[in-house]
2 protein chains.
Amino acid sequence: MSASKNRQLLLKEVPKGKLGPEHFQLNETDVQQPGEGEVLARVRYISIDAANRAWMQGTTYRAAVKAGDLMAGYALGEVIGSGDPKYKQGDLVFGDCGWQEYALRPAPEFTKLPALEPVTHLLSVYGVAGLTAYFGLTDIGLPKEGETLVISAAAGSVGSVAGQIGKIMGCRVVGIAGSDAKCEWITSELGFDAAVNYKTEDVHSALRKACPDKIDVYFDNVGGDILEAVLFQTNANGRIICCGMISGYDGELPLNGPRGIPGLLVVNRILMRGFIVTDYMAKFPQAVKDLAGWVGEGKIKVREDIVEGLENAPQALIGLLHGENLGKRLVKVS
Amino acid sequence: MSASKNRQLLLKEVPKGKLGPEHFQLNETDVQQPGEGEVLARVRYISIDAANRAWMQGTTYRAAVKAGDLMAGYALGEVIGSGDPKYKQGDLVFGDCGWQEYALRPAPEFTKLPALEPVTHLLSVYGVAGLTAYFGLTDIGLPKEGETLVISAAAGSVGSVAGQIGKIMGCRVVGIAGSDAKCEWITSELGFDAAVNYKTEDVHSALRKACPDKIDVYFDNVGGDILEAVLFQTNANGRIICCGMISGYDGELPLNGPRGIPGLLVVNRILMRGFIVTDYMAKFPQAVKDLAGWVGEGKIKVREDIVEGLENAPQALIGLLHGENLGKRLVKVS
């Protein structure tokens, strides 16, 4: 390897309100060579996820990202140096590389990935996003044929795959998204049965219209008012897949939870369950096999929204939090 | 049968705020004889449940009780006339007899009960209360040995049984109740490991002290602020049994739900699930067998709080909503 400098982005300051470019700072370090048990990867693509913002709010399923820290982020890397016999030059690896050009990590923090084309699929449909959609539905929501499945952030990386899996499972699929272009995309291109634009429509009445048999399963990526609207229209024995709460990530944590909890859960025997995709790691191979089958048959269309250049990662995340992406957003580093 | 008059209590007016005696009205009707397919029962004990108040708030898993209606309520009756060959004089039956001395109902609305002594146990430990505790734990909460189980309304009919089942299952059991006498009773008599008096203690810090390993399973009978306090101290993979929300029954419905939903559910992979005990009807015989075994071995102590006289049913319910009962409250009618 020839590079000796590593550009990286630090979280300069923890945002109190909305995340802005001023909260990041470019930094340069020397690239260190891997010691025994370590792997050095050249970062190729960084996955931009709403959860990145949540990590700044405090400890979650991982330690908080604090002021001065390297900004955390999952990424796809290529091994360029290895102090572990299980990794060799050219291997593709997945891990929390952080927002930088080169990541030096203990080998067990990486997961080796198969070589396939396009490699970006390893971060979208076969990565955290696609797997999250897959396990949310197949382990928690368990939609049955003919049931109505509602999905929020439906044009996002998880939602767009979840909706297509819902169609494969035989559901009526209704997506909630934040622009007419997104609503148009998920219905005409991805095969959703209906879409609700939560920015221009009254969500309660639009859902009533889009879900004549009410709601059986809700794939919740946003929390907040939309979760509340869905709760009040959920059928007996409904299931709510708690995947994320984008509505609460970019600012102070909400003061209130949704009304109807626990009352509606009791009366309608509703299940709500949160999950983190990494809990299903042992089942990833089967999931990727299923997803690849559906992609191959054209039943899942994959859309990636690729931003060029590490230095644009902050704006890529800020824009994602404002809902500007269609499909999976990635930053191409090298 | 000799009686010809049937005293009953009507809901005179749907309460807007707290329930009071002025919302009920005594009425007298003639006792009608059963036609074909009908059963006439003399009401012996009426079950007083917090849910009775919730039924006045609107449609739940049953139609709302409206102004002018006979007040609804589960009860234990004795058949005194039958137009159905499956029921004969002297049979004990369970059903929504309402608050009255004689109940005439289509036969399928009754469930025949075994004769056992004391018969009141058919409405407490072997009735809705005990069965609710049983299925909430064995089908939803699934506490494991060594886990911490927290129970609200712990000195009530459901909570007091749930806590004792939790001990049988090998849990650390912590009860939340509204008086020192209740806290004393559940710890000294029923074997709970600790108790929190939510009226005199700060629930957050008292729970932290009582649950050094945090909370794995929460049997929620109250909702509201206590649910929120528990949520923030629930371990990864915790389970919340949504059984009721007494805190919201006696007055307007709450404006807000608990904070931390869905955020904490996601981060900590928490499950919340509501249930209604009658969904488990097919499994009642096994449950009653288990409960009877534990009662026989002295592992479950049954406490009943019996109020004499139909005319005292309103005050019995009002008092229950204010938390004055220990164990299962019943009204002895005859």
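For these notes I take a helix axis as the line fitted to C-alpha atoms over the stretch in contact, with angles between N-to-C directions running from 0 to 180 degrees. The model I am reading is a predicted one.

**Entry: H5 and H6 of chain B**

I began with helix H5 (residues 203-210) and helix H6 (residues 224-231) of chain B, whose axes come within 10 Å and cross at roughly 45°. Since angles under 35 degrees count as roughly parallel and those from 65 to 115 as roughly perpendicular, H5(B) and H6(B) are therefore oblique to each other. I noted the crossing of H5(B) over H6(B) as right-handed. On the H5(B) side I listed Val203(B), His204(B) and Leu207(B), which meet Ile226(B), Ala229(B) and Val230(B) in H6(B). Sorted by kind, the residues of this contact give five nonpolar, one polar and no charged.

**Entry: H2 and H3 of chain B**

I then turned to helix H2 (residues 128-141) and helix H3 (residues 157-168) of chain B, which pack at an angle of about 45° with their axes 8 Å apart. That angle makes H2(B) oblique to H3(B), and I recorded this crossing, too, as right-handed. From H2(B) the contact draws on residues including Ala129(B), Ala133(B) and Leu137(B), and from H3(B) on residues including Val158(B), Val161(B) and Ile165(B). The residues of the contact of H2(B) with H3(B) divide into eight nonpolar, five polar and no charged.

**Entry: backbone around these helices**

In chain B the peptide bond from Glu117(B) to Pro118(B) is cis, with omega near -10°, and Pro118(B) sits in the loop between strand S7 (111-113) and H2 of chain B. In chain A I found the bond from Glu117(A) to Pro118(A) to be cis, again with omega near -10°, and Pro118(A) belongs to the loop between strand S7 (111-113) and helix H2 (128-141) of that chain.

Leu142(B) has a positive phi, near 45°, without being a glycine; I located Leu142(B) in the loop between H2 and strand S8 (148-152) of chain B. Because Leu142(B) has 14 C-beta neighbours inside 10 Å, it counts as partly exposed. Ala153(A), also not a glycine, has a positive phi of about 50° and lies in the loop between strand S8 (148-152) and helix H3 (157-168) of chain A. With 27 other C-beta atoms within 10 Å, Ala153(A) is buried.

**Entry: Glu38(B)**

I checked Glu38(B), which is found in strand S3 (residues 38-47) of chain B and, having 19 C-beta neighbours inside 10 Å, counts as partly exposed, the threshold for buried being 20 or more. Beyond its neighbours within four places in sequence, I found Glu38(B) in contact with Gly83(B), Leu104(B), Arg105(B), Pro106(B) and Ala107(B).

**Entry: the two chains**

I noted 33 residues of chain B in contact with 33 residues of chain A.

Key
Residues numbered from 1 in each chain as written. Chains lettered and ligands numbered in written order. Predicted model: local features only at pLDDT ≥ 70, side-chain atom pairs only at ≥ 80, totals over all residues. Helix = DSSP H or I, 4+ residues; strand = E, 2+ residues; numbered from the N terminus. Parallel < 35°, antiparallel > 145°, perpendicular 65-115°, else oblique. Left-handed = near helix turned anticlockwise from the far one by under 90°. Contact = placed C-beta atoms within 7 Å. Nonpolar A, V, L, I, M, F, W, Y, C, P; charged D, E, K, R; others polar. Buried ≥ 20, exposed ≤ 12 C-beta atoms within 10 Å, placed from the backbone.
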